[in-house]
Amino acid sequence: MLVSSLLTSVGINLGLCILFFMLYSILKKQPGNFEVYAPRLLAEGKSKRISHFNLERLLPSPGWVRRAWQPSEEELLSSSGLDTVVFMRIFIFSFRVFLVAGILGIFVLLPLNCVGDQLKSIDFSDFSNNSLDLFTISNVKNGSKWLWFHFCSVYIVTVWVCYLLYYEYKYISLKRVEYFYSSKPQAHQFTILVRSVPVSAGNSVGDTVENFFTEYYPSTYLSNVVVRKTNRLRGLINDAKKLYRRLVHLQSERNQPKLKRGCCFGLFGRKVDLVDQYEKKLEDLEENVRLEQSEVSMAEEDVRAAFVSFKSRYDAAIAFRLQQSINPIQWVTEQAPEPHDVYWPFFSSSFMRRWISKLLVIVASILLTILFLIPVVIVQGLTNLNQLEVWLPFLTSILTITVVSEVITGYLPSLILQLFLKVVPPIMEFFSSIQGYIAHSDIEKSACNKVLWFTIWNVFFANALSGSVLYQINIILDPKNIPAKLAVAVPAQASFFIAYVVTSGWTGTSSELFRVIPFICSLIRKPFVKSEDDAIEVPSISYHREIPKILFFGLLGVTYFFLAPLILPFLLVYLCLGYIIFRNQFLNVYAPKYETAGKFWPIVHNSMIFSLVLMHAIAIGIFTLKKLSIASTLIFPLPVLTLLFNEYCRKRFLPIFIAYSAESLIKKDRQDQNDPSMDEFFNGLVTAYKDPALAPIRYSSNSPNRNSRTSPLISSEV
């Protein structure tokens with residue numbers, strides 16, 4: 001790729017970023033867009049729709065940047081939880097890493113690469129037509145003494161990253177313990193999930209669980225809630241909700257006809273009042289829901305699982321840790337998630353179905369990986385004009401136009417790849433949802449891992465080792481040649497990944513601020529929704545979309561900082577944009593859906609360790625190719641020491657993220673002994689894990705305000 005192509009890509013994406021910032025600054029001030037750009041503030045009553053006109057509403061302003069910057073970490077913790085703080089710490093950690101790497105790369109390594117002439121000397125008189133390869137380590141002469149600066153940089157950055165990893169792991173571990181001490185009593189802290197309950201003839205699941213825990217935990221057992229199969233019941237409730245929305249919409253439209261003919265799509269037959277028709281259907285659905293709820297509650301053979309609650313956190317932890325039965329596949333225990341975090345459809349799957357689903361997920365993931373090589377091949381073809389002319393000879397005349405060739409090679413490949421990657425997170429989330437996880441947070445963590453490693457393989461390795469699937473597999477099966485292959489392939493893709501950071505990082509993050517899809521959906525929905533009194537839906541951030549993206553950019557920065565340091569300024573700009581934009585979104589848009597108390601951080605740590613080891617493997621190969629064998633030999637201790645450091649962190653910090661210590665649990669339990677509200681909490685704990693589908697529903701026909709739009713047909717409990 002030429003410098004001019006990169007500048008074209010930077011120019012296009014910078015223009016889009018500025019456009020998104022200006023549009024956001026104007027649109028967020030319009031009362032009709034508050035539900036798009038400030039739904040959290042509206043739901044919490046911290047913002048109101050102001051309808052009076054003033055000129056300031058039509059002018060862009062940077063005031064939102066200052067407001068996003070102002071809140072401290074403690075304020076962010078109190079308003080959005082520890083998961084949000086940990087997410088923002090990823091940006092802070094990455095910025096610190098690449099600030100040091102950037103100083104070394106831009107002021108030391110980049111000048112050394114530029115003065116080299118292994119490929120050819122840089123033509124400063126025609127700077128825009130220079131190849132970006134001239135700014136990489138490939139341009140340094142083989143055996144040059146200047147390569148020792150690259151060698152020293154690898155050691156410096158490795159030590160710096162490991163120090164920061166240790167510091168952040170320790171910091172977040174302490175934050176996690178502090179957050180636990182400062183939190184109010186929560187249902188999941190006192191509760192475990194028990195599965196594979198052995199039920200004898202004549203006994204119910206509830207009675208069996210009650211008898212077992214009363215006998216073996218007589219002084220600590222509190223209560224249990226049996227899990228029921230409610231898939232069909234959920235379908236009925238969803239149908240009722242849809243019908244309710246249609247009825248509300250019909251009542252809100254004054255000009256819409258309320259009568260239609262009853263036959264042949266409304267063409268023939270007597271006229272029917274649609275409002276009465278919908279209300280009768282709702283009454284029928286209500287009766288069906290009640291009957292189904294009764295049948296589900298009386299059924300005893302469904303899911304042999306129950307949520308079991310105890311009188312203290314320590315007692316629940318003891319029950320969770322111990323094997324409950326001589327038979328290890330019976331009375332299986334695991335930590336209970338928060339009540340609103342429970343993924344109820346999981347319980348309707350049998351053991352065999354879950355086991356088969358896991359195998360299908362593995363097969364489906366492999367197939368998806370193979371299919372994704374198609375867009376990778378397309379992208380690689382676009383970055384190589386000669387190859388593109390061979391594939392599509394009729395484009396030869398168009399490709400001779402300078403602007404067209406610069407857009408195709410500099411901007412289009414990364415844009416196409418980003419568009420294809422958009423479909424990966426929801427697919428991986430679906431894969432994780434059928435693997436047997438009992439909590440939405442567990443599903444999201446699993447999806448986060450899947451998306452991360454999928455991105456690393458299909459974007460980094462597939463582009464770097466661009467070739468057939470068999471070629472990539474052969475490289476893995478011949479591990480001795482991996483460093484040499486990477487040393488040749490990775491530097492050659494530096495220009496593509498710089499453009500990818502600009503397109504996916506700069507523009508992608510700016511579009512997060514603009515909220516393109518929610519804004520378009522709002523415009524489409526406005527003509528059909530006249531009321532502003534409906535409950536506002538506050539979205540939550542999709543961690544499995546955003547965390548893998550940040551970590552992949554971290555991998556690019558770590559592996560390329562000594563190969564092509566030109567990537568580092570673009571990464572630093574992305575991190576600054578992401579930090580400000582996501583702070584703004586957490587304050588105005590996103591509300592926490594659940595709280596894992598920082599359990600995403602181990603994923604960050606493991607990803608950075610992998611990035612370091614990958615960087616070491618590439619360094620070994622590159623110094624061997626550059627005929628600096630002593631440097632290659634001296635790099636070998638680095639991956640070993642890095643893995644030993646990782647093992648130490650795994651022993652030192654990871655247990656804190658798996659479960660709380662006995663010291664913490666007992667101390668917290670003692671704090672609660674003098675709390676007068678604990679009796680009320682335990683009374684609520686008895687029904688905390690009742691399936692929402694079994695909650696009673698009611699319709700407005702029972703109230704005097706039957707035709708009122710603000711009176712719900714279905715209770716908010718459903």
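**Close-up 1. An open sheet of four strands in the predicted model.** The strand order is β2-β5-β1-β6. Pairing is antiparallel. Strands β2 (221-226) and β6 (332-335) form the edges, and each pairs on one side only. Neighbouring strands of the sheet are turned against each other by 30° on average, with direction ignored.

**Close-up 2. Strand β1 beside strand β6.** Strand β1 covers residues 191-195. Four bridges join β1 to β6. The two strands run antiparallel. Look for V194: T333 in β6 stands opposite.

**Close-up 3. Helix α31 across the sheet strands.** Helix α31 spans residues 678-685. This helix lies across β1, β2 and β5. Strand β5 covers residues 305-310. Helix α31 runs at about 170° to β5.

**Close-up 4. Helices α6 and α7 side by side.** Helix α6 takes in residues 82-115, and helix α7 takes in residues 147-182. Their axes come within 11 Å. They cross at roughly 170°. Angles over 145 degrees count as roughly antiparallel, and α6 and α7 are therefore roughly antiparallel to each other. What classes of residue make up the contact of α6 with α7? There are 21 nonpolar, three polar and five charged residues.

**Close-up 5. T507 in helix α22.** Helix α22 runs through residues 494-514. Is T507 buried or exposed? T507 is buried, because its relative accessible area is 11%, and buried means under 20%. Which residues does T507 contact, leaving aside its neighbours within four places in sequence? They are N13, L16, C17, F20 and V502.

Definitions and conventions. Residues numbered from 1 in each chain as written. Predicted model: local features only at pLDDT ≥ 70, side-chain atom pairs only at ≥ 80, totals over all residues. Heavy atoms only, no water. Axes fitted to C-alpha atoms, helices over the stretch in contact; angles between N-to-C directions. Parallel < 35°, antiparallel > 145°, perpendicular 65-115°, else oblique. Nonpolar A, V, L, I, M, F, W, Y, C, P; charged D, E, K, R; others polar. Pairing = 2+ DSSP bridges. Contact = heavy atoms within 4.5 Å. Buried < 20%, exposed > 50% of the residue type's maximum accessible area, 1.4 Å probe, protein only.
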